[in-house]
Amino acid sequence: MKKYELKLYAENGQVKAVNPLALSEANKGKVTLLTVNASLENISFDAFRAAEIFLSEENADFCALQLFCNYWCQPCFGSDFKNVPNRTQALLTERNGVYKFILAMCSTEYKTFLEGGDNGLKCVMYSQKNGLNNIDGQVALISAEGSDPKEIIRACLSTALEITVGEIRMREERYYPPVLDYLGWCTWDALHIHVSENGILKKIREFKEKNIPVKYVIIDDMWADCTNLNDIPLDTNFDNMVYTMHRSSMNDFVADKRRFPKGLAHSVKLIHAENLLVGVWYPLQGYWYGVNEGGALYEKLKDCFITLSDGRIVVAPEYEKAKKVYDYFNCYLKECGVDFIKVDCQASYERYYKEIATIGNAAQNLQRAVEDSANEFFAGNVINCMGMATECIFNRKKTAVSRVSNDFMPENAEWFSKHILQCAYNSLIYGEIYVGDWDMWWTDDGQAAKNSLLRAISGGPVYVSDRIDRSNRNVIMPLVTDDGKILKADGACVPVKECLTSDARTSGKPFAVYNRADSSVLLAVFNIDAADKPVSGRIDLKQFGFNENVIVYDYFANSRANVDKDGLIDIRLGGSNEYKYYVITPVSEDRMCAEKPEKFVFVKNRD
């Protein structure tokens, strides 16, 4: 066994001596499991730092996926493990062409993170609940190393699923909602507090007039009967609106009567009459500030809620009680004619349940309750959101779609760099299990053309959130057929090898992501340099594993070149507004024509 050092922390702050046998390593196929068996006598572990495991890892270039808030992950880069950020859930390292992947785990009680320290890399275990004095066979870390990063990542993730949910379902084995094969529209950035039956119908009429083939509507936040929402001035700014929203609680799980005067079922019927399907949003815990004690929902299901120390009332972290709440929600939506759901605010366990339940147990109960209910009422037609924490990722058995970035921010060029980095690097890990949802976007802001290309090769759903009278058909149509079906890439869109452990904001090199469509590779290259300086670099075609020479088609230049299968593509981009898109196809399967294709994924077999 490699050299490790384990420290245990008691609730009074004392550091306790450790039995050398408390740590054990085991090999399972290509992966290595590090397990902890430890206990304290007559005292409990510290709820938020029960143990630290110091790892004797030699420094290497790394990409760390950090849970930078309760809900979302972002990539962080470096070459000294002292600088691995706290709350890192996964770490990919590279040294001399050899990759290592380390995955922090979450069990039914304890969760682990990686972080740097004065002595290098360490793992932190915690439960968030007082009173525990035993760590009984917790798998703290799963790791693997080799020359193929995808292979070792996938091996670790499949092992993690087997440990946590007892069965392995990777991305291709999960149920993907058929509705998401088509173009959609979401109310959130379009309407916010203005969301209403009239506003939705007005936007649908615009799509019809512009011949934009939207096939579904997601009625997002602020549709329901909640405290304070109708007190928000309609001309308020975004920050003030969100501030009030997050301090609002749910009165009843019905549509707000001012904005949906004849009820949700009536609105859904009208949307269906326009030949569009309907999805509806709700958060895991009831609403942002929970459930209103004086409201109808609380009276109907009061035994299924708990009251927190600050007075908030939220869904109880017990399977049967939570399932009853979600059954109530989903039954109502189903009776209203809703076709699918979006479940938000999933990684809320530290925010709402600390010191009430262990993070692993709360997540296991609520994630499985909401997924089981969604499967019963909506046959798994679900978008998971705000759930990138490991306690969410490893407690869903069947659902396929999960958001992989923080919220879209319209009219914000700086946001674009953060967005593409989050989506691409998160997809490198979570894209092996889930179909990544790269979030909604606008078709008429300054980043619209780049966002259109990214959605085309993302491999996930495509839905816009344009405001009324602002949808641009020319930006949308390169992604879809005339009937609204997405010309979708096959897998997860991820960074090329040249970018895996380097930060394109500071490296002076272009940032490149790719996906596959049938036998072709779809390669998009961007300049996200923080100083907006020119960038240059090379992409090695060998990483794509072609068996014959290829045609490299430059989509925007409408030019092509025959290139050796192990050749290089030279890239130079002048500024942040420059980007390139290449379609790389084996010579024997050349589908190029003289005219520039209208669609980004024109090589996709449409049969």
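Residues are numbered from 1 along each chain as its sequence is written, and side-chain values use heavy atoms, leaving out hydrogens and water. Because the model is predicted, local features need pLDDT of at least 70 and side-chain atom pairs count only at pLDDT 80 or more, while totals for chains, interfaces and linings use all residues.

**View 1. Helix α4 and its buried face.** Helix α4 spans residues 238–245, and M241, V242 and M245 are buried in it (under 20% relative accessible area with a 1.4 Å probe, protein chains only). Seen down the axis of α4, these buried residues fall within an arc of 95 degrees, so they line one face of the helix; the arc is that of the directions from the helix axis to the C-beta atoms. They pack against α2 (188–191), where contact means heavy atoms within 4.5 Å. Helices here are DSSP runs of H or I with at least four residues, and strands are runs of E with at least two, numbered from the N terminus.

**View 2. The largest pocket.** Its volume is about 970 Å³, and 48 residues line it, with N406, D407, F408, M409 and W415 nearest its centre. A pocket is an open set of points on a 1 Å grid over the protein atoms alone, with protein on both sides within 12 Å along at least five of seven lines; lining residues have an atom within 4 Å of a point. Volume is the space filled by probe spheres set on the points. Helix α11 (413–430) gives the largest share of the lining, nine residues.

**View 3. The second largest pocket.** Here you will find about 690 Å³ of space. Of its 29 lining residues, K150, E432, G491, A492 and Y514 are the closest to the centre. Two or more lining residues come from each of α1 (149–164), β25 (494–495) and β26 (511–517), and α1 gives the largest share, four residues.

**View 4. The largest cavity.** A cavity is a set of grid points where a 1.4 Å probe fits but cannot get out. The largest one has a volume of about 70 Å³, and its lining includes I341, Q367, E371 and R396. Four lining residues, the largest share, come from α9.

**View 5. The second largest cavity.** This one holds about 40 Å³ of space. Its lining is C63, L65, A90, L91, L92, F101, Y425, L428 and I429. Strands β6 (61–67) and β8 (88–95), along with helix α11, each give two or more of these residues.

Notes
Buried means under 20% relative accessible area, exposed over 50%, partly exposed in between (1.4 Å probe, protein chains only).
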